[in-house]
Amino acid sequence: MKPIVILTVMAAIIVAGCTGSQGPGPNTVKMKEVKFNPDSIVIKAGETVTWVNEDPVEHQVKVGNDMSPRLREGQSWSKTFNTPGEFDITCTLHAQMLGRVKVTT
Ligand SMILES: [Cu+2]
């Protein structure tokens, strides 16, 4: 991709991530009681998953080399998955938090 295309895509993702007033979409994973709920989610390539922290403690979502900021209660983070495959989801702050995103074509 050309740099301008990448920048446009990144800007779109950032804008999408900031529109908190739209409420949770269908691909929402809660972080509650120090677990991902649901712990496994299936989406199509190009779709976005949003993680929402409903715990009074911070969580930090990690997907491969991609990582959310530390999320306080009520904060969320979204990631768009463009590549089919299975992706392990972890929390850098709680080793017992394990999740998975399965991306289909
Ligand atoms: Cu956590």
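Which residues touch the most other members of the largest nonpolar core? They are V49, W51 and V61, in a core of 13 residues. A nonpolar core here is a set of buried Ala, Val, Leu, Ile, Met, Phe, Trp, Tyr and Cys residues joined through C-beta atoms within 7 Å. Strands β1, β4 (47–53), β7 (76–81) and β8 each give two or more residues to this core. The largest share, three residues, comes from β4.

Some ground rules come next. The model is predicted: local features need pLDDT of at least 70, side-chain atom pairs count only at pLDDT 80 or more, and totals for chains, interfaces and linings use all residues. Residues are numbered from 1 along each chain as its sequence is written.

Start with the overall layout. Read from the N terminus, the order is α-β-β-β-β-β-β-β-β-β. Of the 105 residues, 18% count as buried. A residue is buried if 20 or more other C-beta atoms lie within 10 Å of its own, exposed if 12 or fewer, and partly exposed in between, with C-beta atoms placed from the backbone. Now take the contacts with a separation of 6 or more: residues 24 or more positions apart account for 49% of them. Contact means that the C-beta atoms of two residues, placed from the backbone, lie within 7 Å.

Strands of a sheet pair through backbone hydrogen bonds, either parallel or antiparallel. Two strands pair here if DSSP finds at least two bridges between them.

Strands β1 and β4 run parallel and are joined by four bridges. Within this pair, M31 stands opposite N53 in β4.

V29 sits in strand β1 (residues 28–32). Is V29 buried or exposed? V29 counts as buried because it has 22 C-beta neighbours inside 10 Å. Leaving out residues up to four places away in sequence, V29 touches F36, N37, P38, I41, V49, W51 and G99. V29 and T50 are 21 residues apart in sequence, but 6.1 Å apart in space, C-alpha to C-alpha.

A second open sheet has five strands, ordered β3-β9-β8-β5-β6, again with mixed pairing. Strands β3 (40–44) and β6 (66–67) stand at the edges with a single partner strand each, so one side of each is left without a neighbour in the sheet.

Strands β8 (residues 85–91) and β9 (residues 94–104) pair in the antiparallel sense over seven bridges. A hairpin joins β8 to β9 through two residues. G85 stands opposite V103 in β9, and F87 has V101 as its bridge partner.

Strand β8 also runs antiparallel to β5 (residues 61–63), joined by three bridges. Here V63 stands opposite I89 in β8. V61 is in contact with W51, M67, S68, W77, I89 and C91, leaving aside its neighbours within four places in sequence.
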